[in-house]
Amino acid sequence: MSEHAFSLLFDDVTHWQVFASGQAEGRLCPTQGPGGEAGIRLDYDFHGGGGFVAIRRVAVCRLPETFAVGFSLCIAGEANNVEFKVVSPGGSNVWRCVYTALSPSAAWREYRVTERDLSFAWGPAGGGAPSEIEAVEFVVVAGPGGRGTLRLTCASFENQTLRAPAGVRASSCQRGCVPETLFSASPAAAWRACNDDARPWIEIDLGRAQRFGGLVLHWPNDLPTRAVEILLSDDATGWRRLYRQAAVSGTLTHVPAPLEQARFLRFVFERAEGAALRSVSLRPDAFSHTPNAFLHAIAADFPRGWFPRYWLREQSFWTVVGTPEGTRRALINEEGLVETDEAGFSLEPFVLTEAGIATWANVKTSVSLPQTGTPLPCVSWREAAFELVVRPWVDGSGDRQTLHVGYRLTRLTPSCALRLVIAARPCQVTPPWQAFRNLGGISPIRNVACGDRSVGVNGRLVAFTPRADALGAAAFAASEVPSCLSAGAVGAAAQVDDASGLACAEMLWNVPAGRRVFEVVVSVPFFGRGHPVSARGHAQASARWCRALNAVEWRVPDCAAEAFACFRTAAGHILINRDGDALQPGPRRYTRSWIRDSVIMGAALAKAGHPAALRKFLRWYAPFQREDGFVPCVVDRDGVDWLVEHDSHGQFLWGVREAVRGGAGRAFLHAMLPHVRKAADFLLALRAQRGTDAYRAGERAPCCGLLPESVSHEGYLAHPVHAYWDDFWGVRGLEAAAELGAMAGWRDDAARWSREAGVFQEDVLRSFETVIRDKSLAYIPGSVEWADFDPTATSNAVAMLDFADALPGKPLRAMLQTYLEGVRRRRAGAVAWNNYTAYEIRLIGAFVRLGERETANELLAFFLSDRRPRDWNQWPEITWRDPRSPGHLGDLPHTWIAAEYLLALSSMVAEEREATGALVLAAGMPWAWLAEGKGFSVRRLPTRFGPLDFSIRAQDGVLIHVAVGGGLALPVGGLTVAPPLPPGRRVAATDDLRGSSELCGSPDAAVKITSLPFEGTIRLA
């Protein structure tokens, strides 16, 4: 967009569009500025709620590095936030300038927004500065809300990028090496001071005060190590120091200068032999506005592979490394970078060959797990001369837990000389777009001390076996990349202190001639004491995991092996992500304990044979409950977050009941009962707030009897709503309280809570009918106010909480069908999309519950195909269409999603129905699981009716052999086997060998087992 075109931004109101959230609305009309200039006027009204009202205009242009946008603004109403945004082509990336609590004023006010003021808001770009934009937006975001008017006029645009300096001068110069060559187009030109210059300097006059974010200095190739100081000035008289280094080496230096502005730059050298420069370039603010941005900029100037992939703004997936004990965990990414502890430094391999330097970028990489799904990840590099396998594991217990990383280098070309380098680098495995507290991107290394058989990194021991052939360290100023890359050898220093935090340590091994396989293990204790590495350490870690993950024994045909290996991996990831008794849905970004995530993860772990995890979590979490009964939504190392999320109270009650059903015992029950009483009565008090006369008629009537507004869904943060998600959990929570109260002998309380649960459910269903009718919906809405289409949330009420038979049938099935069509179009590329969330996995269970077996298996196949990466059996919270998009992932592996997978897959085998107390076997299983190999069996699968042993096998397409037993008690709601059938077949009869059964009347596809243990054959016709 030219300056002239931008000045016409507000010339025609018809070029602008209005959009708003929730019940907020806005209207546009033309207006005039203070001097009669053309402008636009937005009248907005939040109707007593929150959210936003935005206006948008298409404005396609390329932005220069340095610029200023101007406009005049006048606002009336409450002191809400106002945002100016620019949007990338396609609308996926957004940058914004936020004016917080902008006070109303009848007078026009002028604003200027520079590139410095536009911060990255969201999108797959992951950061950086805007370069191409498609649209401009102004947004009013509710603080107090209310209604008001925003008027805009007098737009302007100025390109302020430096084109050429006003002048360059120096203390001296050699013949042909004049100062002006710094800005010459010739790559061979350079300024050099005279040999007898005692205090050489060179000075650049930019012509006016110039904003910049850093400098890049290119040096001649033949310079020795040099000392340099960079000074800044506005008038060439008073100077301030930007940078000073006593030992700069190499041909490239990056100098951060966050938020700097100056007219004059002066470079001062200590000695003439080092006083030379080939070129100087100013970089914009995005170059170093954060330490992570600075490293992004550096990585872009070096060969691909010299920095971890994410520094090139490409996504690199990672997975977790730990023990069944949890507590501490490491990470490894797809390229073999291993983060040694939370927010800690990382270990990165390089292989030096006769042909050059092998990095992740010029080899073929692959990832894997053991075939059984044990969470012991592996990364392999392969090229013509060698194969490198990176295998991390953790052993030890308590404060002796130790990370070990094995590097197995195999020579594939007998005569090829190989050297293995492991570098300790100042970065984490998680990228900057995962930032939270000190997580994501840089992990400072400020000191390195090389010993004989170990290296100290920030005081942390890094031990290794065998002894390295060379050890070294380098400060950032001496080498911006590991020395093995720039010089073919490790850093020269044995000890380094680096205030920049970007130091590096290197360990090098020469692979002995004639040795085909060479192995190195690097060990880093998590705590003060380490667990010594053993020759069988990896095998022992594998055996430990097998014991933990085989509490439930699955025997499945090859066609189901992948799904159940993923089951074991998912269970392992939940165990690893724990912090003591605290369940956490992620290893880094989500190291917080949400009650919502945790009770679901605890229930899922019970399905994997670990019921104690939920019991321990609830004992830890319960004391955080408020005295009035309020259950906090989340607790972390900083304490309790009192954000109002009203699903938490019901989830706590439901979780306690599940733990008791899982064998928690009387002591646990009695410890929880005071908390149960307070949470249940708090739910009733909340409901009473919406049971007054004010909610019995009129526009508030759909909220009558519901829980008050909350933000239990992330999408409701801008505008709290009456979310049905909260109500579903509330109903089941009260029912759970009633069941627990009955166990405790609290007959009156149990009856009261049970009765209130029934009335609550009636109020929820009445609200559904009203909202669906009044807003002409063809689906079940997620909330009253927004009437939002949210099948992922609603399916929780179907799959886990079992409201399937109570919900309006036609809207429910229409909602699921619409969702399914969307998934198919997304998968086929028939619709544009940026990302989705794998919480959708829970819809597998919803389709199982509704008898849609084929659809459930279609979704299972899709989600298994879209693991990130596939061979590590995991999903992020956010799945981007382009796997390499540098977009925020939530966390990885995301173990609430892992829990949803465990529950969905187990429901395909054994579906427990809360509403009726029934158990349905094989309801989601495909025919192939029965017909292939020796069929399908599971032993010791936990259910609320006791541990289940279940086997099912097809024979000749006309017989199905079934056995049901273990410690299972006959469910009060009935026990049914609903096997898959070949096309055209139906259940004709049963032959009972042990126990008894009877045919279900319709649809001629199920058998009711009436006594246990059972063994028999189902005959098909």
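## E158 and its partner

Let's start with E158, which in this predicted model is partly exposed, its relative accessible area being 36%. Its side chain meets that of R112 in a salt bridge, with 3.5 Å from N to O. E158 belongs to strand 11 (residues 147-159) and R112 to strand 8 (residues 105-114), so this pair ties together parts that are 46 residues apart in sequence. R112, like E158, falls in the partly exposed class: R112 has 49% relative accessibility, and E158 has 36%.

Why would two such side chains pair up at all? Side chains of opposite charge can do so when their charged atoms come close.

Next up is R596, which forms a salt bridge with E645; their closest N and O atoms are 2.9 Å apart. R596 sits in helix 6 (residues 595-607), while E645 is in the loop between strand 40 (639-641) and helix 8 (647-661), so the pair ties together parts that are 49 residues apart in sequence.

Are these two residues buried or exposed? R596 is buried, with a relative accessible area of 5%, and E645 is buried too, at 6%.

R868 and D866 make another salt bridge, and here the closest N and O atoms are 3.2 Å apart. R868 is buried at a relative accessible area of 8%. D866 counts as buried as well, with 12% relative accessibility.

Some salt bridges share partners. That is how K607, R657, E658, R661, E739, E912, E914 and R944 end up joined into one network. And how many salt bridges does the structure have? The count comes to 77.

## Spaces inside

Now for the gaps in the protein.

Technical notes:
Residues numbered from 1 in each chain as written. Predicted model: local features only at pLDDT ≥ 70, side-chain atom pairs only at ≥ 80, totals over all residues. Heavy atoms only, no water. Salt bridge = Lys/Arg side-chain N within 4 Å of Asp/Glu carboxyl O. Helix = DSSP H or I, 4+ residues; strand = E, 2+ residues; numbered from the N terminus. Buried < 20%, exposed > 50% of the residue type's maximum accessible area, 1.4 Å probe, protein only.
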